[in-house]
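Please look over the sequence and the structure below.

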Amino acid sequence: MITLKSPREIEAMDEAGSVLAQIHEALRDFIKPGITGMDIENYVDKLIKQHGATPEQKGYQGYEYSTCVSVNDEICHGFPRKDVLNQGDLIKVDMVINLNGALADSCWSYSVGEPSADMKKLMEVTREALYKGIEAAQLGNRIGDIGHAIQTFVEAEGFSVVREFIGHGIGPTLHEKPSVPHYGEAGKGGRLKEGMVITIEPMVNTGTWKSQMDANGWTARTQDGGLSCQYEHTIAITKDGPQILTQQQGE
Ligand code: MF3
Ligand code: CO
């Protein structure tokens with residue numbers, strides 16, 4: 001069953017989303033060569049608490065951290081570690097926060113120091129793919145329209161879209177219906193309805209889209225060791241179009 005949210009519930013999720021967006025904004029200056037994934041975890045944890053929110057990922061199905069910090073070929077669910085991040089690393093910081101019972105979910109990619117030209121292109125294409133997916137999330141469109149918009153754009157740029165991890169409905173709990181694949185056929189799947197709140201979170205790889213699971217049972221990385229990039233917003237379907245609940249300043 002897909003739960004539709006009232007304007008009041010969406011407003012509460014928008015407030016959670018704005019706190020989350022501010023934390024990503026703070027990370028822009030925080031992330032530089034020499035810091036560690038664990039530094040990011042501790043910093044985010046502190047900011048979440050300062051805003052009177054709680055980290056929803058910590059304890060979720062046994063996950064132990066407030067953030068996922070996935071580096072280079074890690075696609076998602078990387079554990080924040082004590083290894084130093086170096087110039088040229090591509091890191092994805094994913095978090096879900098809970099503000100007074102309302103959730104918001106957003107992952108953002110960061111380059112540690114200046115990115116190479118190839119990495120910059122991957123980041124630009126992935127970010128644009130997210131916004132193409134959001135643009136397709138119009139009332140009356142279907143779920144497949146979102147994935148189709150993302151996949152056709154990404155593949156025309158010579159990159160691939162991860163299949164094993166997808167967007168999702170979000171509400172009182174983190175993962176709800178519907179599933180939102182970042183690939184697929186236009187005109188297929190369920191219709192988008194007013195009051196649906198979903199995440200769109202394309203993971204885009206330089207090489208194969210196929211992933212392999214680390215021994216820790218959580219972290220997925222590319223099979224060929226290629227780079228992986230991800231951007232994610234939580235959005236609400238409204239009659240005025242898709243409303244981004246995790247919108248950052250200057251984005
Ligand atoms: N934020 C992730 C998502 O987009 C969820 C990570 S699962 C967790 O769905 F266990 F790390 F929380
Ligand atoms: Co998500």
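Which residues are the protein donors of the cobalt ion (ligand 2)? They are D105 (OD), H168 (NE2), E201 (OE) and E232 (OE), and they lie 2.1 to 2.3 Å from the ion. Donors here are N, O and S atoms within 2.8 Å of the metal (3.2 Å for Na, K and Ca); water is not among the atoms, so sites may look incomplete.

This is a predicted model, in which local features need pLDDT of at least 70 and side-chain atom pairs count only at pLDDT 80 or more, while totals for chains, interfaces and linings use all residues. Residues are numbered from 1 along each chain as its sequence is written, chains are lettered from A and ligands numbered from 1 in the order in which they are written, and side-chain values use heavy atoms, leaving out hydrogens and water.

Along the chain, the donors of the cobalt ion follow the spacing D-x62-H-x32-E-x30-E. H168 belongs to strand β7 (residues 167-169) and E201 to the loop between β9 (197-200) and β10 (203-205), so this pair ties together parts that are 33 residues apart in sequence. Helices (H or I, at least four residues) and strands (E, at least two) are DSSP runs, numbered from the N terminus. H168 is buried, at a relative accessible area of 5%, and E201 is buried at 7%. Buried means under 20% relative accessible area, exposed over 50%, and partly exposed in between (1.4 Å probe, protein chains only).

The 14 residues of α4 (residues 143-156) should span 20 Å at 1.5 Å a residue, and its end C-alpha atoms are 21 Å apart, which agrees. The expected span is 1.5 Å times one less than the number of residues. In α4, 10 of the 14 residues are buried, among them I146, I150 and V154. The buried residues of α4 pack against α3 (117-135), β6 (160-161), β8 (176-180), β9 and β10. In α3, the buried residues include L130, G133 and I134.

What does I200 touch? Leaving aside neighbours within four places in sequence, I200 is in contact (heavy atoms within 4.5 Å) with residues including L130, G133, I134, I146, I150 and E232. I200 is also among the residues with the most contacts inside the largest nonpolar core, which has 61 residues. A nonpolar core is a set of buried Ala, Val, Leu, Ile, Met, Phe, Trp, Tyr and Cys residues joined through side-chain atoms within 4.5 Å. A second, separate core of six residues includes I75, F165, M203 and A220.
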